Amino acid sequence: MLKVFQQLPEGLLEADVTELADVLGGPALIHLPGRGERPLFVSTLLHGNETGGFFALRALLRDYRDRELPRPLSVFIGNPAAARHGLRALPGQPDYNRVWPGGEGGGTPEHDMMTRVVGEMAERRLFASIDLHNNSGINPHYACVNRTGQSFLHLAALFSRTVVYFTRPRGVQSLAFAPLCPAVTVECGRTGDSLGVSHAREYVEAALHLTRIPDHPVASHDIDVFHTVATVTVPAGLTIGFGAADTDLRFIDDLDHLNFRELPTGTTLAQTGSVAGRLQAWDDSGRDVGGRYFALDDGQIRTARPVMPSMFTLDPRIIREDCVGYLMERYPLDLARAD
């Protein structure tokens, strides 16, 4: 499945995201030369409907068409087939950001492909890794790390002072690359947001120009770190909707407006007319701790303690295929580890 290029594929810089499957012939790993030896690795389109990262890289590489890159750059374009149709993944495909080494399950061609990508990049003594994504709901631009070493936090803070530390779900790109180099995932707002494209482009270029990533402690006034403590899902078999929908679970219309807001106890998230209607919340050990975070009161599902959501979405497909979103708590910087 994997196509490997040692130079820019012909037509890539002129192609729209819907044309990439024809230009590349499938998922593609593209190695580009630059000054120095240790490359920056950047992945995009692991979800085919999150196009901002590709447009950011296309703009950057157009600018460097006739110039040497500040350091070698390896680009992985994950799922151009899904991008052709504007889908997160094609029917029958796994989530391309759940099949990297270290995840659950395995044995699929996609798992094998990601193992090959990590293995090939490990041989190149990576400088850093960046995975570019978009959100479906209203969120600020923020960075995510899976380790709290200082170099990870510095790389994340280069993108945003808002940083999320998470260790679940498994099988994501940044977790697979964390043993090799400082690795981050950056969330660049909604798909189609031109500011998100510009921000991602500027961030990748800034990372290319770094001579080293600091390993001293990040100043507390430069960063806000939050820890993901639970993944929110809907039990199988329940119908879901928003507002006045006639479904088992009816989320509030502006659910995504709650993202990155510290919600007090008693905040209403949804209504239910079903005795089975509830929300699940899975902690890092895989336990359903929904009773810790949600309470059912006269058909209203409310927060049972102060929490901060992230990535709450209004897209029923994403809720079904992945999750409603995540719950976070503030993470004290004094717990951050040295590299």
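Tutor: A pocket is an open set of points, on a 1 Å grid over the protein atoms alone, where a 1.4 Å probe fits, with protein on both sides within 12 Å along at least five of seven lines; lining residues have an atom within 4 Å of a point. This is a predicted model, in which totals for chains and linings use all residues. Residues are numbered from 1 along each chain.

Student: What volume has the second largest pocket?

Tutor: About 340 Å³, where a volume is the space filled by probe spheres set on the points. Of its 13 lining residues, the closest to the centre are Glu104, Arg168, Pro169, Arg170 and Thr231.

Student: What makes residues of that lining nonpolar, polar or charged?

Tutor: Asp, Glu, Lys and Arg count as charged, Ala, Val, Leu, Ile, Met, Phe, Trp, Tyr, Cys and Pro as nonpolar, and the others as polar. On this basis the lining of the second largest pocket has six charged, four polar and three nonpolar residues.

Student: What is the volume of the largest pocket?

Tutor: The largest pocket has about 490 Å³. Among its 33 lining residues, Glu50, Asn135, Glu187, Met311 and Asp322 are the closest to its centre.

Student: Why does the radius of gyration of the protein chain agree with a compact globule?

Tutor: The radius is taken over C-alpha atoms, and the globule rule is 2.2 Å times the number of residues to the power 0.38. For 339 residues the rule gives a value near 20 Å; the protein chain has 20 Å, so the two agree.

Student: How many of the residues count as buried?

Tutor: Buried means under 20% relative accessible area (1.4 Å probe, protein chains only); 56% of the 339 residues of the protein chain count as such.

Methods
Predicted model: local features only at pLDDT ≥ 70, side-chain atom pairs only at ≥ 80, totals over all residues. Heavy atoms only, no water. Buried < 20%, exposed > 50% of the residue type's maximum accessible area, 1.4 Å probe, protein only.
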